[in-house]
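This briefing goes through one protein model, topic by topic. Keep the sequence and the structure in view while reading.

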Amino acid sequence: MNIQQLEYIIAVDRFKNFTRAAEHCYVTQATLSAMIKKLEVELDIILFDRTPKGVYTTDAGLEIIDEARKIVLHSQLLAEKAKKINGNIAGEIKIGIIPTIANSLLPKIIKPLLDVYPELKLEIAELTTDHIINQLKAGHIDIGILATPITASEIDKVVLFHESLMVYGDLSTDKKYILPEEIREQKVWLFEEGHCLREQFIQLCSLKKDEVSVKNLKLEASSFDTLLNMVDEFGGLTLIPELYYLSLSEERRKRVTSFNAPVPVREMSIVFHKPHAKGRIIKALADLIRSNINETLRSHLVPEEELDVISV
């Protein structure tokens, strides 16, 4: 019995297919099948019921695979411990990141991260908050980058930074700042259901459901470009975070208004599922993001007691 065999049976249980499991483990199907058969003989247990309709994990197999996951996790912890001793950040990490931060954060951190840690391999996907949580719990990704706090259980976080929330659009006021309650009288453009920034806007301004739609139009927007273009064409307001504001043209920045204190911010964090074997990579990633982002944010200069973290 070896760790490789345990990884094979975990993969087959996950995919319920020997071919896909072999592709996931980067071996031929023949090799994977032979190693699993050898393990079944050694344990004197049938792990999988192979039928014309598909592959099914037996009851005995479920118990064995549950223990196998624990063993594989501990083997990863040992490997991580060895890397810590060697002072080396390397390996593969799969990241899920919400779309409303991906477009402004990733261009600022990917190159520095790969320059500092050339042996680190990144696999990144844009996912909604709910999908990130589900993928973490299923073990399909290692970490998520999203807005917190969240209510999901068994999820740990490392806070990265706080970014101010701002309003884009034309306001009939000469004031330098806006109050959340002033937005209720305006036409509001929001992201589609499932985006955390939509819920934060509704919560921040105490909007009702009948106040967040434009008459005679239902728009399922999924990008800032769409929202800003609709505001430019039809008027009204939308909410943008500070990092996205920094990417705007000077002309568009003139249409952005900040909130008065306490400054509403969204808390951005790295989240991961307990227990976790990649703590050193998480810390290295968090440190690098903080060093590259915090100094660019206005909210970094605001005293903590003047910040209002808007929940998801």
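Strand 5 is mostly covered, as six of its six residues are buried. The model is a predicted one.

**Strand pairing**

- Strand 5 pairs with strand 3, which spans residues 91-97, in the parallel sense, and three bridges join them.
- Within that region, Ile95 has Ile143 of strand 5 as its bridge partner.
- Strand 5 also pairs with strand 10, made of residues 263-273; this pairing is antiparallel and runs over five bridges.
- Ala147 has Met268 of strand 10 standing opposite.

**Gly144**

- Gly144 belongs to strand 5, which covers residues 143-148.
- Is Gly144 buried or exposed? The relative accessible area of Gly144 is 0%, and the cut-off for buried is under 20%, so Gly144 counts as buried.
- Leaving out residues up to four places away in sequence, Gly144 touches Gly96, Ile132, Leu136, Ser269, Ile270 and Val271.
- Gly144 and Val167 are separated by 23 residues in sequence, and their C-alpha atoms are 26 Å apart in space.

**The whole protein**

- There are 11 helices and 11 strands in the protein.
- Along the principal axes, the C-alpha atoms fill a box of roughly 80 × 50 × 30 Å.
- The protein has 312 residues, and 43% of them are buried.
- Of the contacts between residues at least 6 apart in sequence, 74% join residues at least 24 apart.
- The accessible surface comes to about 16,500 Å², and carbon and sulfur atoms account for 51% of this surface.
- The protein carries 38 positive and 46 negative charges, and the mean positions of the two sets are 2 Å apart.

**Gln5 in helix 1**

- Gln5 sits in helix 1, which is formed by residues 3-15.
- With a relative accessible area of 3%, Gln5 is buried.
- Which residues does Gln5 contact, leaving aside neighbours within four places in sequence? They are Met35, Lys38 and Leu39.

**Aromatic pairs**

- How many aromatic pairs does the structure hold? The structure holds three, and two of these are described here, starting with Phe18 and Phe48.
- The rings of Phe18 and Phe48 are 6.1 Å apart, centre to centre, with 80° between their planes, and the pair is edge-to-face.
- Phe18 is part of helix 2 (residues 18-24) and Phe48 is part of strand 1 (residues 48-51), so their pairing ties together parts that are 30 residues apart in sequence.
- Phe18 is buried at a relative accessible area of 8%, and Phe48 is buried at 1%.
- Trp189 and Phe234 have ring centres 6.1 Å apart and planes at 35°, so this pair is tilted.
- Trp189 lies in the loop between strand 7 (177-178) and helix 7 (196-204), while Phe234 lies in helix 8 (residues 224-234), so the pair ties together parts that are 45 residues apart in sequence.
- Trp189 is buried, with a relative accessible area of 2%, whereas Phe234 counts as partly exposed at 49% relative accessibility.

Notes. Residues are numbered from 1 along each chain as its sequence is written. This is a predicted model: local features need pLDDT of at least 70, side-chain atom pairs count only at pLDDT 80 or more; totals for chains, interfaces and linings use all residues. Side-chain values use heavy atoms; hydrogens and water are left out. Helices (H or I, at least four residues) and strands (E, at least two) are DSSP runs, numbered from the N terminus. Buried means under 20% relative accessible area, exposed over 50%, partly exposed in between (1.4 Å probe, protein chains only). Contact means heavy atoms within 4.5 Å. Accessible areas come from the Shrake-Rupley method with a 1.4 Å probe; for residues, only the protein chains shown count as cover. Lys and Arg count as positive and Asp and Glu as negative; His and the chain ends are not counted. The place of a charge is taken as NZ of Lys, CZ of Arg, CG of Asp or CD of Glu. Two strands pair if DSSP finds at least two bridges between them. Rings of Phe, Tyr and Trp (its six-membered ring) pair if their centres lie within 6.5 Å; planes under 30 degrees apart count as stacked, over 60 as edge-to-face and the rest as tilted.
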